[in-house]
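Trainee: Please take me through this model, one question at a time.

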Amino acid sequence: MHRRDLLRLLIAGFALPVSAATQAAQRITGLRSWYEDDRLRVVLDLSGPVEYRTFELVSPPRLVIDLTNTHLDAVLPAPPMPDGPLRSIRSGLRGADTRLVFDMNDPVRMNAFALGPDEGKGHRLVLDFQPFTAALAGKAANPTPPTRSGQRDIVVVIDAGHGGKDPGAVGLKGEKEKAVALAIARLLAKKVNSQPGFKAHLVRNGDIFVPLRKRVEVAHRRNADLFISIHADAAPRRTASGASVYALSQGGATSTMARWLAERENHVDLLGSERLLSLKDKDPMLAKVILDMSMTATITTSLDLGKDVLDSLQGVAGVHQKRVEQAGFAVLKSPDIPSVLVETGFISNPGDCRRLIEPRHQEKVAGAIFEGLHRHFQARPPQGTLLARMNESQSA
Ligand SMILES: [Zn+2]
């Protein structure tokens with residue numbers, strides 16, 4: 001078939017005609033998914049070529065793919081990013097056919113195409129989910145629903161560093177930073193959610209790659225009061241040990257270590273600078289002034305909060321630096337959301353590494369981070385939150 005005709009068929013979502021030889025029963029042997037910039041890619045590994053048909057349903061938005069004479073022989077993965085466009089994947093049997101349903105949070109466009117065996121991989125069906133740009137822009141403000149008392153929760157977006165194809169730093173015996181970060185992030189989310197007046201959202205809740213820009217987007221979508229990124233990087237020197245906390249710097253990094261870490265973290269991908277959509281129509285000079293002012297205020301709050309977290313960490317992990325350091329980490333570049341990056345220890349240090357992979361120590365570290373941020377918000381609760389209300393009624 002001509003390539004252009006094939007493309008037209010795929011876009012129209014019609015059944016793809018295949019030769020009689022491919023009508024034999026096939027199996028879906030695996031499902032993989034990851035994000036690449038704005039696009040979510042889901043790959044179905046297949047035992048052979050299959051016939052398929054895609055269509056979409058609205059309210060709630062779903063994308064459906066029917067695979068003819070195909071049996072699902074794999075576990076459906078949890079959505080790679082709970083706050084991403086894909087909410088869940090379901091499957092159903094229709095006679096000898098398998099139907100996969102992708103429940104979406106946002107309207108997206110799906111492009112499906114088949115790949116034959118290549119480079120050690122077998123038959124595959126690739127599904128690319130691309131957000132509608134207009135839909136994304138309209139989705140920017142998603143206010144936190146007020147609690148029963150009419151006061152909203154303090155929203156903490158927790159970002160486990162690295163993931164998927166990016167393992168982060170690796171310890172002497174192959175311990176992976178991405179696993180340590182995820183374990184501590186999950187424990188921290190649990191603690192935050194168990195505190196009345198607080199709500200946590202995890203950027204990733206699995207071993208998947210999420211571009212840095214996407215991580216910051218989750219914080220904006222959730223109207224976060226705090227974005228906190230969890231890491232356990234390697235240090236240039238093996239002897240370096242203990243926890244450290246970073247806030248963004250507008251100028252240079254406060255130490256060589258700060259610069260070194262930021263450069264390594266950022267090389268994964270780079271963040272587009274402007275985040276405030278409301279600045280779009282403003283005079284560019286004015287927009288820059290507003291952005292700078294907002295950024296300065298946000299950094300001040302981040303430093304303040306970071307100090308509370310660092311003080312709490314001192315007791316459980318030791319600290320590498322007694323002050324909050326500053327560097328140009330891409331994930332901290334929200335002009336309006338206080339953001340900190342916590343290095344829970346150095347995976348390159350044998351002592352730190354041994355502790356970091358221990359569940360009991362991870363629990364202590366998560367507890368200390370929570371204690372620090374709780375202390376900060378207790379002293380300075382954001383307006384309109386349940387915590388602010390409780391403070392008012394106490395002092396009234
Ligand atoms: Zn890291």
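Trainee: Leaving aside neighbours within four places in sequence, which residues is valine 342 in contact with?
Mentor: Start with its place: valine 342 sits in strand S15. Strands (E, at least two residues) and helices (H or I, at least four) are DSSP runs, numbered from the N terminus. Contact means heavy atoms within 4.5 Å. Leaving out neighbours within four places in sequence, the partners of valine 342 are Ile228, Ser229, Ile230, His231, Ser244, Val245, Val309, Leu313 and Ile369.

Trainee: From which number are the residues counted?
Mentor: This is a predicted model: local features need pLDDT of at least 70, side-chain atom pairs count only at pLDDT 80 or more, and totals for chains, interfaces and linings use all residues. Side-chain values use heavy atoms, with hydrogens and water left out, and residues are numbered along each chain, as its sequence is written, from 1.

Trainee: Is valine 342 buried or exposed?
Mentor: Buried means under 20% relative accessible area, exposed over 50%, and partly exposed in between (1.4 Å probe, protein chains only). The relative accessibility of valine 342 is 0%, so valine 342 counts as buried.

Trainee: How many residues of S15 are buried?
Mentor: Look at both faces. Ser339, Leu341 and Glu343 point one way from S15, Val340 and Val342 the other way, and all are buried. S15 is mostly covered, and its buried residues number 5 of 5.

Trainee: Which residue in S15 is the bridge partner of isoleucine 230?
Mentor: Two strands pair if DSSP finds at least two bridges between them. Strand S12 (residues 226-231) and S15 (residues 339-343) pair in the parallel sense over 5 bridges. Across that pairing, the partner of isoleucine 230 is valine 342.

Trainee: Which residue in S15 does tyrosine 246 stand opposite?
Mentor: Strand S13 (residues 244-248) also pairs with S15, in the antiparallel sense, over 3 bridges. Valine 245 and valine 342 are 97 residues apart along the chain, yet their C-alpha atoms are separated by 4.6 Å. Tyrosine 246 stands opposite leucine 341.

Trainee: Which strands are at the edges of the sheet of 6 strands?
Mentor: The sheet is open, with mixed pairing and the order S11-S10-S12-S15-S13-S14. An edge strand here pairs on one side only, and the two are S11 (198-202) and S14 (325-327).

Trainee: What angle does the direction of helix H4 make with that of S10?
Mentor: Helix H4 (residues 212-221) packs on the sheet, touching S10 (154-160) and S12. Axes are lines fitted to C-alpha atoms, for helices over the stretch in contact, and angles between N-to-C directions run from 0 to 180 degrees. For H4 and S10 the angle is about 165°.

Trainee: At what angle does helix H8 run to S12?
Mentor: H8 covers residues 359-379 and lies across S10, S11, S12 and S15. To S12, H8 runs at about 160°.

Trainee: Why are H3 and H8 called oblique to each other?
Mentor: The axes of H3 (residues 177-193) and H8 come within 8 Å and cross at roughly 50°. Angles under 35 degrees count as roughly parallel, over 145 as roughly antiparallel, 65 to 115 as roughly perpendicular, and the rest as oblique. H3 and H8 are therefore oblique.

Trainee: How many nonpolar residues does the contact of H3 with H8 have?
Mentor: On the H3 side are Val180, Ala183, Ile184, Leu187, Leu188, Lys191 and Val192, and the H8 side includes Val365, Ile369 and Phe370. Ala, Val, Leu, Ile, Met, Phe, Trp, Tyr, Cys and Pro count as nonpolar, Asp, Glu, Lys and Arg as charged, and the others, Gly among them, as polar. The contact has 2 charged and 2 polar residues, and the nonpolar count is 11.

Trainee: Which strands stand at the edges of the sheet of 4 strands?
Mentor: This open sheet has the order S3-S4-S7-S6 and antiparallel pairing. Each edge strand has a single partner strand, so one side is left without a neighbour in the sheet; these strands are S3 (52-57) and S6.

Trainee: Which residue in S7 is the bridge partner of serine 88?
Mentor: S6 (residues 86-94) and S7 pair in the antiparallel sense over 8 bridges. On the other pairing, S4 (residues 62-67) and S7 share 6 bridges, and arginine 62 stands opposite aspartate 103. The partner of serine 88 is also aspartate 103.

Trainee: What is the phi of glycine 95?
Mentor: S6 and S7 form a hairpin with 2 residues between them. Glycine 95 is in the turn, and its phi is positive, about 65°.
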